[in-house]
Amino acid sequence: MSRVLIIGAGGVGNVVTRKCAQNVDVFQDILLASRTIDKCQKIAKRIKEQYGREIGVAQVDADKVPELVALIKDFEPQIVINVALPYQDLAIMDACVATGVHYLDTANYEPKDNPKFEYKYQWAYQDKFKQAGIMAVLGCGFDPGVTNAFCAYAQKHLFDEIHTIDILDCNAGEHGHPFATNFNPEINIREVTQVVRHWKDGQWIETPPVIEDGCVHFTFNYPEVGPRESYLLYHEEMESLVKHIKGLKRIRFWMTFSETYLTHLKVLQNVGLTRIDEVEYEGCKVVPLKFLKVLLPDPAGLGQNYKGKTVIGCVFKGLKNGKIEQKYIYNICDHAKAYEDVEAQAVSYTTGVPAMAGARLVLEQTWKGQGVFNIEQLDPDPFLELIAKNGLPWHVVDFVGELPD
Ligand code: NDP
C-alpha cells in the first residue's frame with residue numbers, strides 16, 4: 001500500500017494529483033495539501049467525478065517545518081512530491097529528513113531575495129538524506145527533469161562521448177491573453193529577467209538578459225511547429241549536467257518567446273513592476289512582482305482554450321565509434337490533448353507527468369539510493385518508458401544541420 005503526499009495545488013499540482021489518481025496500482029492513498037484548501041478540494045472533486053476516486057485534502061503552510069512534520073506523521077506517506085514553489089524546498093526537505101520519508105521536486109530552491117538558480121542549497125542535504133536512509137530526487141519535471149533524462153539516455157545509448165548539448169524549449173501555443181506566463185508568474189519572471197549564462201570549456205559565460213539589447217538568439221526549425229526565434233537563457237539543469245556528463249565541452253539552453261511577450265515584459269521591467277524588493281505604498285509594504293502576480297492570469301486556468309504545441313528536447317553532438325554524430329531527442333505535447341486528459345495546459349502537463357513517474361519509480365524501488373540525486377544520475381530507461389505511457393511520447397532522430405557557434 002503506497003501513500004503519497006502532494007504539496008501544492010496549482011497548475012502542476014493538479015496534473016500530478018490526477019496522474020497519481022490514474023496510476024491506481026501504485027498510488028493507493030493520495031493526500032493533496034496546499035496553502036489554500038479550496039484549490040485542493042476543487043481538484044479532489046474533479047478526481048471523484050472523473051475517476052470515482054476519493055483523495056484526501058489538507059491545509060498546510062509549507063514554509064513551516066513543524067506543520068509539515070505533523071502532517072507527514074499523521075498521514076505516513078512513503079514519498080512527498082513537492083510542487084509548491086521553490087521557496088518551500090528546504091522546509092519540505094527538512095520535514096522529510098525528520099520523518100524519514102522520500103522527497104521529490106521539480107524546481108531548485110531559491111531564496112526569496114536572491115533569484116539565482118543554484119543547487120548548492122539542496123546538494124548540502126546529501127549527508128542528511130544519506131543518514132536518514134532516504135532519497136531526494138531533484139528537478140523531476142520536464143526541464144529540469146526529462147531533459148536531464150534525455151542527456152542520461154544519450155550518454156548511455158547513443159554516444160561514447162558527448163561534446164555539446166543544446167536544450168531547446170519551444171512553446172508554440174496560443175492562450176488568448178495579451179500577456180500570461182505558463183507557470184507561476186513570479187517564478188517565471190524571476191527566471192526570464194536574469195543575466196544569461198551558458199557553459200563552455202569549463203567556464204560560465206554571461207550574456208545580456210532576453211529583454212535587453214545584445215541578447216543572443218537564433219531561429220530554430222522545431223518539428224511540427226516550424227521556425228521559432230529561440231533565446232539563450234540560463235536554466236538550472238545545466239549546473240548538474242556539467243558535473244555528470246563526461247567529456248562535455250559546451251551546454252546551452254534556448255527558449256522561444258513571442259515578440260508580444262518580450263515587449264510586455266520589457267515594459268513591466270522598465271516601470272519597476274518586476275522588482276522583488278519591498279516598496280512603500282500608502283503605508284503598506286508591497287513587493288511589485290508579487291503584486292503583479294495577482295493581476296496576471298492564473299497559469300492553472302489557461303488550459304481550456306489553449307491551442308498549439310510545446311516542443312522540448314536536446315540536440316547532442318559527440319563521438320560514437322570514433323565518428324562525430326548529432327542526435328535530437330524531443331517530445332511534442334499538444335495543449336488541447338493535455339486539457340482533454342487532465343484539464344491542464346501543456347506546460348503544467350509536461351511538468352506533472354514526469355513528477356508522477358519519478359515518484360512511481362521511487363515507490364517501486366526501480367530508482368533507489370540514499371542521498372540527493374539529479375535526474376541524470378538515475379536510470380533514464382524506466383523513466384522515459386513511463387512518461388511515454390502516461391502521455392509524453394518522445395523521439396530520437398539524427399540531427400542534420402548546424403547550431404550557431
Ligand atoms: P502555481 O503558482 O500554479 O502553484 C503553486 C502552488 O503552491 C499554489 O497552489 C500555492 O498555494 C502553493 N503554495 C505556495 N506557497 C505555499 C506554502 N507556503 N505552503 C503551501 N502551499 C504553497 O505554480 P505551478 O503549479 O505553475 O508551479 C509549481 C512548481 O513547478 C514551481 O516550483 C515551478 O517552478 C515548477 N515548475 C517546474 C517545471 C519543470 O519543467 N521542471 C516547469 C513548470 C513549473 P496558493 O494557491 O495558496 O497560492
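Helix α8 (residues 185–192) is mostly covered, six of its eight residues being buried; a residue is classed as buried if 20 or more other C-beta atoms, placed from the backbone, lie within 10 Å of its own, as exposed if 12 or fewer do, and as partly exposed in between. Helices (H or I, at least four residues) and strands (E, at least two) are DSSP runs numbered from the N terminus. The model is predicted, and local features require pLDDT of at least 70, side-chain atom pairs count only at pLDDT 80 or more, and totals for chains, interfaces and linings use all residues. Residues are numbered from 1 along each chain as its sequence is written.

The buried set of α8 comprises Pro-185, Glu-186, Ile-189, Arg-190, Glu-191 and Val-192. Among the elements that cover these residues are α10 (259–270) and α11 (288–295), contact being defined by C-beta atoms, placed from the backbone, that lie within 7 Å.

In the loop between β6 (135–138) and α7 (146–158), which contains Pro-144, the peptide bond from Asp-143 to Pro-144 is cis, with omega near 10°.

Positive phi values occur at two non-glycine positions in other loops. Glu-282, in the loop between β13 (279–281) and β14 (284–286), has a phi of about 45°. Glu-282 counts as exposed because 5 C-beta neighbours lie inside 10 Å. Asn-321 is located in the loop between β15 (309–320) and β16 (323–334), and its phi, near 50°, is likewise positive in a residue other than glycine. With 7 other C-beta atoms within 10 Å, Asn-321 is exposed.

Conventions: Contact = placed C-beta atoms within 7 Å.
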